[in-house]
Amino acid sequence: MAPDANVLRSVSKENLSRALRLKRGKKILVIDPKLVPTLDLIANYRFLQDHGVEKIVHLSAGPPMPSDSVNQVLYFIRADIVCAKIVCDQITNNISRGISLTYGVVVVPRLLHIITALFESEGIYEHVSFGQYAYEMIPLEDNIFSLEMDDVVPQLWLHQDTSMLASVAKAIFNIRGIYGDFHHVVGIGPYAKSVLKMQTEFERIHSNNLRSHNRQEADIPTLILVDRALDFVSPLLIPLSYEAVLDEVFGIKGKTITFGADVTGKEPVKHNLTTDPIFDKVRNLHFSQVVSSLLAKERDTRRLQDESAGLNLQAMKNFVAKDLHKIQSLKKTLALHFGAFEMMIDKNKSLNLKKLVDLQENILDNLDNKETLNFLEDSMSRELDFKQILRLFCLCTLAQDGLRDLKSLTTQFVQSYGFKHLISLHNLEAVGLLYNFTGIEANVKGVAQVMNRVASSSPFSSSGNTGNVKKQTMVPYQNIVKKLAPSSNVQVDVISQNHPSYIFNGKYTPLVAKLTEEIISILIAPKMNSALIERKLEDLMKMYNVTSSTVKCKSGVEAYGRGRNVLVFVIGGISRGEIAALQVVAKNLSFNIICGGTDITNGTKLVSSLIATS
């Protein structure tokens, strides 16, 4: 039995109600624009009105002005020093002009000391009331949870700012409080390990509450927590499930997608996917199977409409009352999907889908490197989408143990797209997504490279160089890529979706799906006590070169009492391709896998979060 996701929505809404009461009565709500989509997923405008909100203003729109009936302003901002400085400037500006308002500042998800210190240094601390609002995991669907934190990758892996890990830990801790204690916990990666350490501290602080809420029968018995950096390849690849391609081309935000005039032929349409019965049927289909499914649905719709022509008067009245609106709605929805599909396969687009898929398969197979380099050079000379170029740079780097001709390609990139992208390239290199080819070449220089690498990685190395830990500890991902390809005895069928690698045409299985499959297989194996399970799981981590992990299993409890539910959470964001792959694992093992992440990501979002913005 799947856990009731509505509980999470209710808790988030109740916490929002408390945050809004920081300023009681009528107020102007000033929101950081990046928080608007998140708050839309939690509460509607009517809810805000019921809590005294008379007017909503974006933070970027300038300082709020009072009206005859409203003299209170409540700011909702991210825990970001730049946003806090904008608020300080607006309040200082109003005070200097003699504008009489009272102010409250709610920081999401956590009020940091550096923010209150900023207000104090600006001399306006006494004019402001402070609060914080930490929402729970947001159920985008019953089996997809998100924290809607889209800047976790640059903060963790670029700036080494771990402040948001406390919010991740608290959200997971609250899952445990709502749905019961976890029986099995697997943390994979250093940040996952840190989050689980914080759980121990939360246990100490809230031990009494946990004792009253914990149950032996947990709704979600298993938690698998994974660092995004263990597999940056999966989001960089273009997945071929229909939903994932829609996200790549149009961008799915929360539960909605916006189709432009090139799809509708008229004005842009904001389409809610959760109420779309057609999307629900085709979302996980391989892209090659979507048209046939849409055509079949169109024939069924046309047949129902044609059958109405021969109805008598009473039957026609019933048809108009019950079925006509439904058929018209289906026809409009079908038109949107056909228009979207036509746009996605348009070969006149700057970087068409088929070419990119062919290229990424060659990259995974480590073939036709010359063709890939020629394509990159040609695309840069034509100044095509620079984000896709950087995405291919990163994919080549990770899947082929470095980017060949790195200096030449990055020089061409900067000349084509501007010198500001020197910062972008530096950021990608700092995160470990871009570095020069370090593989073995068939010459003396290559042998020397290997000898140097072995010497530098030896624990007995006399160099004493510990400055660049990232490069010394990095394991060539090409070794893992080979382990993630389906074995030779597995026939991947993209139509029946019998294997999680179907989303990449049977070439590659997302690491999170592979690990989840093997972890669950160990947990449900007969005659396995907790000590043996932990040992098996630790051996599994070593097989995939995971050097930092945590495995905990409770002994003496029934593994899956209230439901075969597993929460898989990716710190750094989970992609829709990985979600589709995990659903195949769930189907094959007869489990319900809840896919969660700090946000829902893809390759373009990943690269965009690291590029220079000015």
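## Aromatic pairs

Phe386, Phe393, Phe413 and Tyr417 are linked into a cluster by ring pairs. Rings of Phe, Tyr and Trp (its six-membered ring) pair if their centres lie within 6.5 Å; planes under 30 degrees apart count as stacked, over 60 as edge-to-face and the rest as tilted. The model is a predicted one, in which local features need pLDDT of at least 70 and side-chain atom pairs count only at pLDDT 80 or more, while totals for chains, interfaces and linings use all residues. Residues are numbered from 1 along each chain as its sequence is written, and side-chain values use heavy atoms, with hydrogens and water left out.

By the ring rule, the count comes to 13 aromatic pairs. The ring centres of Trp157 and Tyr191 are 5.2 Å apart and the planes stand at 80 degrees, so this pair is edge-to-face. It links distant parts of the chain, as Trp157 belongs to helix H6 (residues 152-158) and Tyr191 to helix H8 (residues 190-205), 34 residues apart. Helices (H or I, at least four residues) and strands (E, at least two) are DSSP runs, numbered from the N terminus. Both Trp157 and Tyr191 are buried; buried means under 20% relative accessible area, exposed over 50%, and partly exposed in between (1.4 Å probe, protein chains only).

## Charges over rings

A charge sits over a ring if NZ of Lys or CZ of Arg is within 6 Å of the ring centre and within 35 degrees of the ring normal. The charged end of Arg404 is placed over the ring of Phe437, 3.9 Å from its centre. Lys483 lies over the face of Tyr544, at 5.9 Å from the ring centre.

Strands S9 (residues 222-227) and S14 (residues 565-571) run parallel and are joined by 6 bridges. Thr222 has Val566 in S14 as its bridge partner.

## Helix H20

The buried residues of helix H20 (residues 421-431) are His421, Ser424, Leu425, Asn427, Leu428 and Val431. Viewed down the axis of H20, they fall within an arc of 160 degrees, so they line one face of the helix; the arc is that of the directions from the helix axis to the C-beta atoms. Just after H20, Gly432 takes a positive phi of about 95 degrees.

How values were computed: Two strands pair if DSSP finds at least two bridges between them.
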